Amino acid sequence: MTYPTETPTQSDIWAATADLTTLRHKLLDLFCQLAYQEGDFVLASGLRSSYYVNKTQVTLHPQGALAVGRLLLPLLPTDTQAVAGLTLGADPIVAAVSVVSVYENRPLPALIIRKEAKGYGTKAYIEGPTLAEGAKVVVLEDVVTTGQSALKAVDRLKDAGYTVEQVIALVDRQQGGAELYQSAGLKFEALFAIEEIQKRYRELAN
């Protein structure tokens with residue numbers, strides 16, 4: 001897909017104007033067209049897979065990022081005080097939600113969790129504004145497989161004194177992540193289950 005340099009048309013601004021139901025359908029199509037691939041892949045978890053979801057093709061896409069922010073924000077509990085995620089996959093997601101939150105008059109800061117402590121300066125694990133002790137933070141994730149990435153973010157946030165009760169993902173591969181979060185006492189929700197993406201992918205291919 002090429003990005004327009006001229007004045008946007010109505011078809012270019014769907015992510016900003018569509019109702020949430022339509023927006024979800026359009027984002028699903030974007031995942032199918034840009035991110036979902038079939039083949040032989042090794043995942044970050046070390047597992048082999050016959051398919052791969054190259055999520056940054058959507059989360060770093062202009063309309064995709066805006067759609068992600070608009071769709072995830074309403075899923076956050078009303079008492080949420082920030083969103084956070086483990087670098088690198090969650091970075092564009094937390095940023096998108098934070099920006100959209102300003103337009104919805106419920107501004108939420110974004111926190112990025114490093115995999116390793118920064119080796120200079122503050123040597124921090126968490127980048128972003130410092131919140132009050134006990135602040136309620138929701139962890140956002142791109143694609144959940146085993147669930148370990150988001151759980152690492154949860155642990156870092158709790159170590160910093162924040163309250164974390166929920167993980168929200170864009171895609172659930174349904175390979176144990178939900179069960180891991182449940183065992184850790186966390187609520188879990190995903191925008192799409194992998195079966196929905198696969199079904200739509202095949203519909204679009206026909």
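**View 1. T145 sits in the loop between β6 and α6.** This is a predicted model, in which local features need pLDDT of at least 70 and side-chain atom pairs count only at pLDDT 80 or more, while totals for chains, interfaces and linings use all residues. Residues are numbered from 1 along each chain as its sequence is written, and side-chain values use heavy atoms, with hydrogens and water left out. Helices (H or I, at least four residues) and strands (E, at least two) are DSSP runs numbered from the N terminus. T145 has a relative accessible area of 12% and is therefore buried; buried means under 20%, exposed over 50%, and partly exposed in between (1.4 Å probe, protein chains only). Leaving aside neighbours within four places in sequence, T145 contacts L43, S45, L47, R173, Q175, G176 and G177, where contact means heavy atoms within 4.5 Å.

**View 2. Helix α6 covers residues 148–159.** At 1.5 Å a residue, its twelve residues should span 16 Å, and the end C-alpha atoms are 16 Å apart, which agrees. The expected span is 1.5 Å times one less than the number of residues. A150, L151, A153, V154 and L157 are the buried residues of α6. Down the helix axis these fall within an arc of 155 degrees, so they line one face of α6; the arc is that of the directions from the helix axis to the C-beta atoms. Their cover includes strands β3 (82–86), β4 (110–113), β5 (126–127), β6 (136–144) and β7 (163–172), and helix α7 (177–183). Just after α6, G161 has a positive phi of about 95 degrees.

**View 3. T163 belongs to strand β7.** With a relative accessible area of 29%, T163 is partly exposed. T163 touches G134, A135, K136 and V137, residues up to four places away in sequence not being counted.

**View 4. The largest nonpolar core holds 36 residues.** A nonpolar core is a set of buried Ala, Val, Leu, Ile, Met, Phe, Trp, Tyr and Cys residues joined through side-chain atoms within 4.5 Å. L27, F31, L72, L76, L140 and I197 touch the most other members. Helix α2 (residues 20–35) gives the most to this core, with seven residues. The contacts of L140, not counting residues up to four places away in sequence, are L72, L76, V83, A84, G85, A90, I93, V94, V97 and I168. A second, separate core of 23 residues includes V137, V139, A169 and Y181.

**View 5. Helix α2 packs against helix α8 (residues 194–205) at an angle of about 75 degrees.** Their axes are 9 Å apart; axes are lines fitted to C-alpha atoms, for helices over the stretch in contact, and angles run from 0 to 180 degrees between N-to-C directions. The angle makes α2 roughly perpendicular to α8, a class that runs from 65 to 115 degrees. R24, L28, D29, F31, C32 and Q33 of α2 meet E196, I197, R200, Y201 and L204 of α8.

View 6. Most residues other than glycine have a negative phi, and most peptide bonds are trans. The T87 to L88 peptide bond is cis, with omega near 15 degrees, and L88 lies in the loop between β3 and α5 (91–103). N105, in the loop between α5 and β4, has a positive phi near 60 degrees and is exposed at 68% relative accessible area. Q174, in the loop between β7 and α7, also has a positive phi, of about 60 degrees, and at 43% relative accessibility counts as partly exposed.

How values were computed
Parallel < 35°, antiparallel > 145°, perpendicular 65-115°, else oblique.
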